[in-house]
Amino acid sequence: MLPNKVSIALRTAILSVALSATLVSLADAAAYHRLDASPAGSYRIDPDHSLAWFTIGHAGVAVVVGRFDKLSGSYTFNPASPAGDKADIRIPAASINTNFALRDHDLRGPDFFNVREFPNITFVSTRYQPTGKESGQLYGKLTIHGLTRPVTFQVREIGAGPVPALPKPWGGYLSGYEATTTIQRSDFGMDAYAGMIANRVHLHVNIEGVRTAG
């Protein structure tokens, strides 16, 4: 082996060992735990750590999982005064991703989301009803394909508290939630291929927000 290649190989080996030691050190530094500080405040949804996804029956034999790669919005939460809680979420319909390009092209077309005419999916809450210390029902209006229908999400708080280890724009005082509901796609004018695709759609939204005001 040539001297310069030996030097490169040696430096690479040293770097790998150092990196491995650093990762082990970080892993040993602290155990993962749920933050349970107060989630009260107004938050900007972090699109890099949030996701809207769904499951739907296919051909009577399987379940297809899809997601939307873009999501933005805000929410306000105050356990002491739930009447003021609110959420506003916007999803570009064209960001749909079912891991199959041809299917995604069809879903963006006029038989389904028709993204040219109706580019956004939106949810605007109307009220929040606590069902427990860290759970509740979020009522609101969901707009898909230009049609608005009332929906109720089952909401569960995942955690809240300061996260100084993350740099901006991700770090700060954070809170996170998981929300689920079930809709009928025909209620939103999407009834194509009824014999092949189920009408019932299970929606899941995982949100992480950065507090903008306490």
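Which residue lies over the face of Tyr 139? Select Tyr 139 and look for Arg 127, which is 3.9 Å from the ring centre. Bear in mind that this is a predicted model.

Next, select Tyr 173. Arg 211 lies over the face of this ring, at 3.6 Å from the ring centre.

Now turn to contacts between rings. The structure holds 8 aromatic pairs. For one of them, select Tyr 75 and Tyr 177: their ring centres are 5.7 Å apart, and the planes stand at 85° to each other, an edge-to-face arrangement. Tyr 75 belongs to strand β4 (residues 72-77) and Tyr 177 to strand β10 (residues 172-184), so this pair ties together parts that are 102 residues apart in sequence.

The last stop is Ser 50, in the loop between β1 (41-45) and β2 (51-58). Ser 50 has a relative accessible area of 11%; that is under 20%, so Ser 50 counts as buried. What does its side chain reach? Another is the backbone nitrogen of Glu 208, at 3.0 Å. To see what surrounds Ser 50, show the residues it touches beyond four places away in sequence: Ile 45, Leu 71, Asn 206, Ile 207 and Glu 208.

How values were computed: Residues numbered from 1 in each chain as written. Predicted model: local features only at pLDDT ≥ 70, side-chain atom pairs only at ≥ 80, totals over all residues. Heavy atoms only, no water. Phe/Tyr/Trp six-rings, centres within 6.5 Å; stacked < 30°, edge-to-face > 60°. Helix = DSSP H or I, 4+ residues; strand = E, 2+ residues; numbered from the N terminus. Lys NZ or Arg CZ within 6 Å of the ring centre and 35° of its normal. Buried < 20%, exposed > 50% of the residue type's maximum accessible area, 1.4 Å probe, protein only. Polar contact = N/O pair within 3.5 Å; in protein donor to acceptor, adjacent residues only side chain to side chain. Contact = heavy atoms within 4.5 Å.
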